[in-house]
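Colleague: Could you take me through the chain contacts of this complex, one question at a time?

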Amino acid sequence: MLLTLIVFVPALAGVIVLASPARAAKWIAGGFSLAVFLASMWLYFGLLGDSSPNFGTVMDPQWYINATWIDVAINSFHFKVNYALGADGLSIPMLILNALLTFLAVIGSWHIEKRVKLYMAMLLILETGVAGVFAAFDLFLFFLFWEIELIPMFLLIAIWGGARREYAAWKFLIYTLVGSAFTLAGIFLIYFEEGGRDASFQHFAQNGLNLTGALPFFGTTVSLGLVTFLLLFSGFAVKIPMWPVHTWLPDAHTEAPTAVSVLLAGVLLKMGAYGLIRICLGFVPHGAMEFAPVLGIFAAINVLWGALASMAQQDMKKMIAYSSVSHMGYVLLGVAAASAAGSLNLAFRQAALTGATLQMFTHGTITGMLFFSVGVLYEKAHTRDIDVFGGIGKRMPTLMLLYSVACFAALGLPGMSGFVAEYLTFTGSFATLPVVTILSVFGVVLTAGYLLWMLRRSFYGPLNMKWSWLTDANAREAFPLVALAVVIIFVGIFPTPMLNLLAPTLSQMIHHMTPVIGG
Amino acid sequence: MDFVSYAWVIPALPLAAMILIFFGTRPLEMLARRRASGETAGAGHSAGHDHDASATDAHASPAVSAQGEDTHGASHSGGHSENGGATPFWAMAGSVIGVVAMVLAFFVAVGVLVEFLTTKDNNLIQHGQYIFLFDWFRFGNLDYTIAFRVDQLTAVMLVVVTGVSMLVHLYSIGYMEGDPGYSRFFIELALFTVAMLILVLGANFLVLFIGWELVGLSSYLLVGFWFDAAPEPPGSDLDLPYPPAAALKAFLTTRLGDFGFMIGILILFFSTGTFDFGALNSAATYTHVNQVALTAAMILVFCGAVGKSAQFPLHVWLPDAMAGPTPVSALIHAATMVAAGVYLVARLFPLYHFAAGPQSLEVVGYVGGFTALFAATIALVQNDIKKVLAYSTISQLGYMFVGLAVGPNNALGIFHLFTHAFFKALLFLGSGAVIHALGTQDMRKMGGLARYIPITAATFLVATLSISGFPFFAGFFSKDPIIGQAFDYGTTHGGNYTLYGLTIVTAFLTAFYMFRAYFLTFGGRYGQIAGFWGAERAYRGEAHPHPPSWVMWLPLVILAFPAALAGYWSSFANFLTKGATPAVNISDYINSAFSDKLTLIGIVVALAGIALAWLMYGVQALPAKVFTGNPIGKGIHALLMHKYYMDDLYRLIIKYVVLGLAHLTVLFDRYIIDGIVNGSGMAVRGLGAATRRTESGNTQGYGAAIFGGALIILLLLFFAVGVLKL
Amino acid sequence: MVTLNSFLVLGAILFCIGLFGALSKRNAVAILMSIEIMLNAVNITLVGYSSAFMGHTHGERLTGQIFAIFIITVAAAEAAVALAMIIAIYRRRSTIDIGEINLMRW
Amino acid sequence: MSLDIPTIAFYLIAIVLVGSALAVVLLRNIVHSALFLAVMFGAAAGAYVLLNAEFIAIVQVLIYAGAVTILVLFAIMLTRNAQSQSSNPFAKQWWLALIICVLLGFGLVYAVGNSAMAVASAFAPVHLATLGADSGTVTRLGQLLYSPFVYSYVLPFEIASVVLLVAIIGAIVIGRED
């Protein structure tokens, strides 16, 4: 019931916002998103009551609700969709992150004046779509929410975006739709290969190991597991985004308004990573194992490519967008390492996968903070060009402090969550994919390079007189930044609760995969 | 009293100070400042978004920030005493909190050291003691633990760090007086101290790496402390580093080293499944580990040390890091952080020495030896007093690595680290006093300053003698054994005396350039005592030097004692090796130091260096033109002035290779990937435009198409049935 | 001997003549007339089938004729509407040459 | 081949049908075309009679030869264009239409003679109408169309009436001068 509320209250709030006067829109949206955030915190704290809390696994989700929704049987053809929502260690952090970032996005959008009702409603409906993706425990329901999220996001970019907003919005939409078409094909394939009677996650997780064999393919045969994996992964790869289907991201980020960039980087990319871990890895272990070396190579390319491309950017947002590509590479690395073949200590795999999952959360907060920082600057200066600034740190000490915190978190400084995630990922992934890991570690150097170089060019040095009128971030602007900084530093210093939350789910997943990957 | 168990207080104190300043006194200071400016400036500030208001704001601010720039340009090169008067009350309160915290921490650290010196508890001696243990997480048998442990090595480092940090805190009250970022400075100083203490207390790679990166952060912040300074105007030949650029360079260069370090950690972790130093250093852990992998791992770990300790080829950041305030240079870039690399190798000494192949320590030794000579040669020609000290630091760190590489245990290198911390901190603080007094760091505008600031001169002289290896001073006792051991190492390694040659030549150069610096600054021609004690006539500058306040000279005096006497800790090796080497009493220690022929050679070499410096700069009997007059000498001089063109090489690599690749990726994205994506879109549109022609609106055409199509199907069916017999 | 085949061939020929008219005339009324020819051709075919099988199970094979009746009904309706449209178009544009009625082009 | 009266009647009707259809299509004057259309409708009614479908034949005469022809003539009259030389011209691509139609015709005839379905039934004898024979099909048709008790097409029939109603209203609405 709690999950139903978390998923649908935002959409309801969106309708209420649309029906209420424009003056109240922000307050209503803010109030509801705060309420949803508090409710989503209860997802975690509500489980803490026991001395040894059970955060659930994919086989045994918490907050589970299951009702038959569509059930059509024609002879042997059986199409069954259940309204099944659940949460476990993998989805609870994502649900909380989603609710948190939506709330902060509403706060961060306080200055929006253009069609504010529709804007707030779209933010809230977006929250519903994303929360649904993370909470769904039925494959078709998952896909439904996966597609629902596109509509508000498309509108948010296309209406409130920058100069090239329509190009960016269409690019986002078409990329995602093409990817998810393959995913849908993959969903049907796995559904019918696995009996065609049950689309629940538990069913697939239970029977994922059976997904072996070969499919005829133009005179030859291909591995069924690999085909299923690749079909499912296509949509997730676009969303993550994995090189070479990443070019929608910089455009979308650059054109989207600040809060939408935050959500886009903070939670939408996580949908892809979540799908990769939950569905590709959990349901198609054979395919994941076969694809893991290639995935690892893509991960390294992602990391280095994103970092190098960031270095060449003039636009702060574009730079951060490419940094997202780079950072999501670590997620790919962790997943690839967790599923690569080899008879090794399972603990390494678990470390890698935990690192990847933590990186999902942590990247959401850190990139959100980076985008909010740029947003504050952009609202004042109306430009994001790194080189036109210079020495503005003198005028904006608070913003410089918070922006620096975000940058240092992004480059993996200890004491902040990015470090924990990257360190876990690297230490785990080196065991199975050493070369790829070494390449990815080099990304850390490049990350430091472009972020600090950006800080230097914009904030350091003598003040460019052109910007002498800039004012520092006020309390309303600083609030999302401070809130995220608190989360980042808390997880960076004391990651244990977070890791405890992730552990049972991922551990179950890794152990379940043991017959496939060896070890 | 059980100091060891309370060792967690040591990092907690500066942490508490940091938090108190950040959340306590600094906001109060800002509040007070705002109230003061509100009283004077009136309501001008409050009208934020109004156009007129912002226009006047823009009008007013050039004056403000131009003034700010001027002061920062000046403060950048040292003289910021005229920076706007006294330190505000709350800022001062913050700094006092910092100093008090550091004094307390220092006493606890000394207590810890004393306890280790006096304890009879064999378990404590052999294994040290965990003072803090917290599991971040545990995966199967892999644990990610935050663990602090104190043992002898840590105890020594604790004293060094807290001691120097305490004095630097005190000194900074004077040095940073009136600086707008006064509170920020103390926050960052405290942050550094905490990070450095985490680094030395860490009982495993995880914690050490955390400290390692955090000291990098605080180094970045402090080097870039005057982040709004303007770059040096073109035409100056002093080549003063520009703080924002220097900070960036420092962070990135050390990160490049950390890349290797991280991979080394990964290999070790993968091979052994543990981060813990205790486990890693015990033989049982690595018996089944591939020797080659282990050797590679140790060399990679050393890469981290190369970055942090500014060894060739990653030394380029340290001279630039002198852009930071001088107390920072003393604390971070001389005494403590840059020694972290040495500490790291020393910490893992059993791994290097016993487990990994001999190549690992050879790499350490040769990199160290080469860097020692390399940096010393550059130091010969520097005109910036801080640059001289920076290159001397690099050179001395090279010595420490040689000491670790050739020594039977890690005592040689750490002992030099120990003494070096004091005399180099003293040198930097002394140079800071000079810069504070004159407002410049160009040695050509100094000379004879001993007359004006005698305390500074005397303490500086003590430190100079110490670093030069003059007998009876600390540096002599720590450096000469390294040179001697390098000779023995050559003997036992088939007569390969390369390391010995490198170190002995460096010893000569060190004595020369340090005394050159001393003479140029404090002594010179016309001076008393044959130029050792300067006179007014030797002064070449214009500014009137003013003597430092007590908060600045007191640390100098305090530091002079360990700088001169630290070498007399005769049983250091015995202490550090947990009794594995015999204890030596003090008279035997001194006797053995002078009875060796090699030591005598070292003394002679040092004296020769001092004598040459005296001839050239003390009495100026031998002008430098003798060396730079001929073409070869001129060429070498130019090469040294340009620091072997290393900076230019890096600049080229970054500009053309890294940024070139970066732009290539962007071009690839834009033209290849987006080209394909947009191209397929265009192709569909083109196809649509082409087929659109058939939609002519002519219904009869459509009808013809329908029935023509039906006809084709019909014919195909006939073909299939009649001909193919399907 | 007149067999079903005779009627089928007759229907096919008529259909093709009608089709030719529908595809080649420019006058909308002529096209409509051609379409009527095609409909008649189909009707002849249907009634032919109906009649050919009437002998076997008497009474049950009148479906073809039923079809024809419906076709005639619909054709009448169609003719009425189509001619109304033609008149309406003529009133607007003073032509019923469908080569010139191309508002829907592209 | 025995030339009995119905056979002769069939060939006569067939010739008239094809000839008048060709005349409809080929004549230059639209009014002549319309008149030949009426001839064709009448001949078709004859063919229905030959096939023992008296009811269809009557309906054909009533609706086609009567109503539709009148409609067409009215339409021609109302849309008479004074300027045009030829009231019933060919389009430019008439040759294409000709090729398609001829080939399609051959195809259809070939299919009628050769496809499996056609072979089984195409040579089935057709009961041509003979004078004085029992004509019971109208009754049966009536039952089949309207009977509420036995299996019938009453529902489609009612729908057809709705279609007609719609067509009437539609024709009025469209053709109305506004």
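**Contacts between chains**

Modeller: The contact between chains D and C takes 74 residues from chain D and 63 residues from chain C, where two residues are in contact if their C-beta atoms, placed from the backbone, lie within 7 Å. This is a predicted model in which local features need pLDDT of at least 70 and side-chain atom pairs count only at pLDDT 80 or more, while totals for chains, interfaces and linings use all residues. Residues are numbered from 1 along each chain as its sequence is written, and chains are lettered from A and ligands numbered from 1 in the order in which they are written.

Colleague: Which element gives the most to the side of chain D that touches chain C?

Modeller: Helices (H or I, at least four residues) and strands (E, at least two) are DSSP runs, numbered from the N terminus. The elements that give two or more residues to this side of chain D include α1 (5–26), α2 (30–50), α3 (54–78) and α4 (94–114). The most, 11 residues, comes from α3(D).

Colleague: How many residues does α8(B) give to the side of chain B that touches chain A?

Modeller: The contact takes 46 residues from chain B and 44 residues from chain A. On the chain B side, at least two residues each come from elements including β1 (129–139), α8 (243–272) and α28 (646–692). The element that gives the most is α8(B), with 13 residues.

Colleague: What is the mean pLDDT of chain D?

Modeller: pLDDT is the predictor's confidence in each residue, from 0 to 100. In chain D, 81% of the residues reach 70 or more, and the mean pLDDT is 82.
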